Amino acid sequence: MADGAVAKAGVDLSPGARRLVHVNGRVQPGEVVVIVTDPTMGRYAEAVAATARGAGAEVTVCIIPMRKRDGQEPPPPVARAMAEAAVIFSPVRVSITHTRAMRAALEAGARVCMMTAYTDAIMTSPALLETDFEAQAEVCRRLGAAFTEGEFVRLTSPRGTDLRFGIEGRVANVLTNIPDPGELAPVPDIEVNVVPVTGSAEGTLIFNASVPYLGIGILEEPIVCSVRDGAIVEMAGGAQAGFLREHLESFGDPHCFNVAELGVGLNPNARLTGEMLEDEGVMGTIHIGIGTSHTLGGEIVAPTHYDLLMWEPTIAVDGRVVQREKQVLV
């Protein structure tokens, strides 16, 4: 099935599958591998499954109905399978990352390679095929340590972003893309993220790169947000900003506007494409996650979690600049 699907599309998915299984997932003989997919993403699921079986793993492919929104729970039998897996791959169109099922799997020790909204372009991109993930891991750990040891962050950009928030007591999520047990890898998005202390974010955010969700993609006009008491209270801009604001308001839950995450892209081969798992790894960008923070180590559970990206960030922790555009300064 996998070979036929690949041949029909005219794209060889096997090099990407080999990288995902052997480099990122580090699948070993006898390990239980669970692949969660949906009816639209079978080509990627089958390519990874065939490679994992070739590595000697015990592979189960779970095909779930298309989720209606990001963060909707997978069916209970699939959640139970995830909790028993050593390695999980998730080629799904709509994200299941920020779910209780994923959190339970991580707490049980799964290594997770997220493949949300994968495309042929991602599967064959230099960001996946050419990146030295081991070499970037140390950079990730240094920046993660700065966040974990810090108490206060100030984020600025030349376009006018100026956001301040507390991080005391927060533990940074270091996503090297070569996950250990209990860790996520949003391959090929190498990043480090940290959750603001709930209610502490204040200031202005100006996003001018992308919103790689809901079909929005690369931004045509900046999205300008005012933040007060930890949440976005105003969101202005062009048609894309209006569409995003109306979508968030449709849930009737103010937690959808919670400032949930500061994430720093650290993949030197990633390029801005409008696709989530490549965009969020682009060096020289940061993203602010809004909505659920629980799955990242916070307290807020919302119906959604979306990331908004900006270029040319400067990040200071306790007054010391730790990131300026593409430079990590720790």
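User: At what angle do the axes of helix H4 and helix H5 cross, and how close do they come?

Analyst: The axes of helix H4 (residues 76-83) and helix H5 (residues 100-107) cross at roughly 20° and come within 8 Å, which makes H4 roughly parallel to H5, a label for angles under 35 degrees. Axes are lines fitted to C-alpha atoms, for helices over the stretch in contact, with angles from 0 to 180 degrees between N-to-C directions; helices (H or I, at least four residues) and strands (E, at least two) are DSSP runs numbered from the N terminus. This is a predicted model, in which local features need pLDDT of at least 70 and side-chain atom pairs count only at pLDDT 80 or more, while totals for chains, interfaces and linings use all residues. Residues are numbered from 1 along each chain as its sequence is written, and side-chain values use heavy atoms, with hydrogens and water left out.

User: Which residues of H4 and H5 meet?

Analyst: Contact means heavy atoms within 4.5 Å; here Ala79, Met82 and Ala83 of H4 meet Ala101, Met102 and Ala105 of H5.

User: How should I read the order of strands in the open sheet?

Analyst: Two strands pair if DSSP finds at least two bridges between them, and in this open sheet the five strands follow the order E7-E9-E15-E16-E17 with antiparallel pairing. Strand E7 (173-175) and strand E17 (305-311) each have a single partner strand, so they stand at the edges, with one side of each left without a neighbour in the sheet. From one strand to the next, the twist averages 20°.

Within the sheet, strand E15 (residues 259-265) and strand E16 (residues 285-291) pair in the antiparallel sense over five bridges, and Val259 has Ile290 in E16 as its bridge partner. Helix H8 (residues 133-149) lies across E7, strand E9 (191-194) and E15, and runs at about 10° to E9.

User: Is Ala117 buried or exposed, and is Asp229 buried or exposed?

Analyst: Buried means under 20% relative accessible area and exposed over 50%, with a 1.4 Å probe and protein chains only. Ala117, at 17% relative accessibility, therefore counts as buried, whereas Asp229, at 56%, counts as exposed.

Terms used. Angles under 35 degrees count as roughly parallel, over 145 as roughly antiparallel, 65 to 115 as roughly perpendicular and the rest as oblique.
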